[in-house]
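The structure comes first, then a short report.

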Protein chains: 4
Amino acid sequence: MIMFQNDYVEGAHPAVLQKLIDTNMEQSVGYGEDPYCEEARARIRKVVGREDVDIHFLVGGTQTNLTVIDAALRPYQGALCAQTGHINVHETGAVEACGHKVLALPGKDGKITAAQVKEAHDSHWADGAHEHMVQPKLVYISHPTELGTLYTKQELTDLRKVCDECGLYLFLDGARLAYGLAAEGTDVTLSDIAALTDAFYIGGTKVGALFGECVVISHSALKEDFRYLIKQKGGMLAKGRLLGLQFLAMFENDLYMEMGRHADRLAMKLKKELQEKGYRFYMDSITNQQFVIVEDTKLQELEKEFLFNHETRYDADHTVIRICTSWATKEEHIEKLLAAF
Amino acid sequence: MIMFQNDYVEGAHPAVLQKLIDTNMEQSVGYGEDPYCEEARARIRKVVGREDVDIHFLVGGTQTNLTVIDAALRPYQGALCAQTGHINVHETGAVEACGHKVLALPGKDGKITAAQVKEAHDSHWADGAHEHMVQPKLVYISHPTELGTLYTKQELTDLRKVCDECGLYLFLDGARLAYGLAAEGTDVTLSDIAALTDAFYIGGTKVGALFGECVVISHSALKEDFRYLIKQKGGMLAKGRLLGLQFLAMFENDLYMEMGRHADRLAMKLKKELQEKGYRFYMDSITNQQFVIVEDTKLQELEKEFLFNHETRYDADHTVIRICTSWATKEEHIEKLLAAF
Amino acid sequence: MIMFQNDYVEGAHPAVLQKLIDTNMEQSVGYGEDPYCEEARARIRKVVGREDVDIHFLVGGTQTNLTVIDAALRPYQGALCAQTGHINVHETGAVEACGHKVLALPGKDGKITAAQVKEAHDSHWADGAHEHMVQPKLVYISHPTELGTLYTKQELTDLRKVCDECGLYLFLDGARLAYGLAAEGTDVTLSDIAALTDAFYIGGTKVGALFGECVVISHSALKEDFRYLIKQKGGMLAKGRLLGLQFLAMFENDLYMEMGRHADRLAMKLKKELQEKGYRFYMDSITNQQFVIVEDTKLQELEKEFLFNHETRYDADHTVIRICTSWATKEEHIEKLLAAF
Amino acid sequence: MIMFQNDYVEGAHPAVLQKLIDTNMEQSVGYGEDPYCEEARARIRKVVGREDVDIHFLVGGTQTNLTVIDAALRPYQGALCAQTGHINVHETGAVEACGHKVLALPGKDGKITAAQVKEAHDSHWADGAHEHMVQPKLVYISHPTELGTLYTKQELTDLRKVCDECGLYLFLDGARLAYGLAAEGTDVTLSDIAALTDAFYIGGTKVGALFGECVVISHSALKEDFRYLIKQKGGMLAKGRLLGLQFLAMFENDLYMEMGRHADRLAMKLKKELQEKGYRFYMDSITNQQFVIVEDTKLQELEKEFLFNHETRYDADHTVIRICTSWATKEEHIEKLLAAF
């Protein structure tokens, strides 16, 4: 079977793995305080264009989301996000397990707007009974979203502005950041994100790492004692250098962006040719996730050879499937898939 | 000002207060293990028609909801309820603070249906990624709802059936239970509720008590060690007899129902006469909460003399107000209000 | 049976109850925002000698402790307290249920010292692995302690000083505060406590109220959004005026102190005469809790007529019992008890 | 610098790394449901001698401890453990962050006894106020302990017996299990542990893996829905096969035990020769952790070339240091260290 159901069915990019091989027999101090982590931090500060950020490496996305959000919120505060947001749907209530309500807003194409955030904030404070309600304090967005879409620079700037006005934190989940940054058509750069958010993370697991997410924190309130929280939530890797090493491999040259471009190019090739074949798309994505509407009979046939994620039923006879490319996707597999369609 | 904004702007029914006065200088053991609590439990077991239930007295509604729900759920499980449900909107995330997600369903008139519950359950378990989602385990309903509406016996029976099929707990929030049971037109009795739910509570605070809610638990899994949880959540009143005494006063004769009938009769009088005057209602309620659509200019005038709760904007010129009657509402105040309308 | 096992086997002081009776048929807004609560707040600000404090009324002690402590701590921070501290022993892990570790120190006579606090703080920060340990952030003391003992003004001043040096909050649990303030031999006044702590509470339940604790907060960080937390933890009484009224009754004249003096005087009478009879005391208390070492055979006999709390075994043949007096204790009952001894 | 401060300053055993290299370019389903994890589970079931156990792979020790303990306890229940237990000291309150109190018992050499557990259980239930106290429900032990010591088979059997009598779960933290199982002088086997506990884990991180702990659950109540909890707590690795592969490498032959034997042999060599030189030991350990009492001046000198963990001050002039060997320790480094001593 050729797997397209997600972007973590693979191992690591060979250059990432090589780094682990090369250093395997060395000794180093634990918990992310080793020289490789330090070097990776320095490198990433350069790449994101801010020297004043704190950088931490965690193992996975759910862990990263819950740790950042728990760092940001007092017990009665909640996180605004799109109804489709990962923290609202696919993390088994990890944020709630830390005591915080996820305040879901009806998203459009996986995104929320500055106007929605403003309205949520204003209506909270205008309500005479606001002390009886969860206070919005953080805005969670994902970029790319769970539906493959991207925020524009203007949209991010507007969110930043409204967060400043309302005293809210802006946190960006970049589990698939490479695929967003490398998309043809985006006007958002890594330094834009570092400039416009209070915290965000650069995803490794869904890109070329074995595992690992790199949290970049610019707001001082979120920086304080963050390592205590990482440890408490079980996210502090003993052999922390493994995280630093992988991010070094991905950022000491252009590898991270290159992996993003590879996946996006194949995704767009797929999209273009399927559109030419007359296939409709559930979402207009320019990143590595493509949501195609497929007749069920056709789907059954395809699934003899390929695996997809079933996103939702489209109608009585059609399913929306998600096709993910990644840094590891082979061009010949895309061609094979196109041929099968 | 005459207050109609809610049903807890009052003190206690004189008969309830008298009970406290009569016993004030007695000594008794604490924490609800005194003879008055025992007597009240025995009485309520009779009234609800089940000898096999555990009965606990707590101080307030939020406390009661969070304690019962925390008793019912394992950490990754959540509570299904209507989007308008009190636990979803007006308890400052108390359920989430215990670690559990509230799984809000789009209600109709404040209610949810057995079909909705079934669908939520089935779609969870049908989803290949269900371990990544919060598992529905308890159904929370309020009766009367936050919008004054009532479930029918058939609706409750259907909910019970679906909960049995799906392995879900059914918990009924009876903060205003008297006003529901006493409504003309309901076919639901207290013993129906005891027979059809796994746990429910009989509200005292919003009826004739100074404070106090009486939890009735029939499901054995919820009974176990419940007092530990009451204590941990801060709900165990040291002078617990105060709760037993008040419920005794309300249940040693027909007082609880009588208070409900009084409030409902005045609410229906108000409704009927306002309808005759041409006023429209936002919700067709037969209980003590009435939701009237009022022109803003009219409202301003009324609010010189009366206080209401503003439920929501209706349109550019109209507001939906909530008018609550209670056991303590004076008929002359209703007449004065009608005159002012 | 005559009950000496604790100080909440009683009802309310008649003057407190009278206040509830007098106002019972009035209407007022809920949740502690009524004029009686406002008046009580103003009065208590005067009595404690600080106008800059926030004052909140909660129902019970466990609830108060958990709410204040949860307001003070970030998730990885803990509360230092004596091993015998109420939060460590008798609140079913309420602080832990909010996510925080209680960091118990070996107390002496129920108390901890500034030196112990300093040592706990310093050794935390000196430990290279401190991020792997719970960070001490709040000092919890009770006054009187669970063993009836009192801090001196010097001890409190030293604790304040060390908390300032170490960036710790100082929180004083005054569940039995009247009995501490009124003790002959104490040099600590209510205004000392208000001046030296970041937050404390004036206990009502164990003194003359039906229920109720009055939290006094001076540290601005603890003030922020405190009412959200009260609501979330289930401690916001709907008919909040009941709390304001009771504290008004206790503080609009000297009643609170008078109740304390009454209980302490009877406790000291008991102590003195038992000492004269040769009884030994487990703890040298000058407040309303007396810990007497009694032979088991004697105890059995006494317990035909009187109830005590069994504190601990003293040796094979002796038990340490706790005898509590209160505002309500009758002199004749003390004499009867003395006679029986 | 040669590092002896802990057993996770290394990379992975070459055979473990090779497994990752060999499979790197394969595709597999995520979250531990791939064939390698299945194969590793089958293998480990064989090695532990029970087919009826559930096996899960998690990333790190703190995560594993908090997930198992949270699975076991209802909100008001706590975990008994030695005062020196990892969950009590070095996990930043991770168990408390899940809402549960750690009930620390005074250990001896890092261990607790069946008699202590019985006493804690009995005294809880004998206390009239037990509902006001945290209910002990799980016994946490580590093997080897944090002080390098081991339980005997008899001690484990006694703990099992008392847990059965008292209705407690027995959970064994095997972060360093290899070093315990391989010790000369232990009579405890892996199948003993599987037979005597309700859950335990086989540590990978501190042995030869890059990371990874293997949880083995035999009690059915702990098995239910365990994967939901792993996900919620952030412990579910997307590329889960990495865990399966590493455990396969360690268990498809005798590698796990071999690594244990290597470390233990070098530790015992160190111990024997240091004893011969007249050095005293703080703890009589037969595993890979050795606690040596060293004069401070000597220590300063040693630390020019070697790194140790400072365990505690011994007296004014001496420090207790921890020296860890591991699967990766080179014999020549031990000799160099011995020469330096």
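The report covers a glutamate of chain B and then the interface of chain B with chain C.

## Model

This is a predicted model.

## Glu91(B) and its surroundings

Glu91(B) sits in a loop of chain B, between helix 4 (86-89) and helix 5 (94-97). Its side chain makes a polar contact of 2.5 Å with the side chain of His86(B).

Glu91(B) is buried, yet it has no salt bridge. The nearest side chain of opposite charge belongs to Lys231(C), 5.8 Å away.

## Interface of chain B and chain C

Contacts involve 46 residues of chain B and 46 residues of chain C. The buried area is about 4000 Å², with 57% from carbon and sulfur atoms.

How many salt bridges cross this interface? The rule finds zero. Polar contacts, by comparison, join 26 residue pairs, both residues at pLDDT 80 or more.

## The chain B side

Several elements of chain B each supply at least two residues to the side touching chain C. They are strand 1 (2-3), helix 1 (14-23), helix 3 (61-72), helix 5, helix 11 (226-232) and helix 12 (241-251). Helix 1 of chain B gives the largest share, four residues. By class, this side has 26 nonpolar, 13 polar and seven charged residues.

Key. Residues numbered from 1 in each chain as written. Chains lettered and ligands numbered in written order. Predicted model: local features only at pLDDT ≥ 70, side-chain atom pairs only at ≥ 80, totals over all residues. Heavy atoms only, no water. Buried < 20%, exposed > 50% of the residue type's maximum accessible area, 1.4 Å probe, protein only. Lys, Arg positive; Asp, Glu negative; His and termini not counted. Salt bridge = Lys/Arg side-chain N within 4 Å of Asp/Glu carboxyl O. Polar contact = N/O pair within 3.5 Å; in protein donor to acceptor, adjacent residues only side chain to side chain. Contact = heavy atoms within 4.5 Å. Buried area = accessible area lost by both parts, 1.4 Å probe. Nonpolar A, V, L, I, M, F, W, Y, C, P; charged D, E, K, R; others polar.
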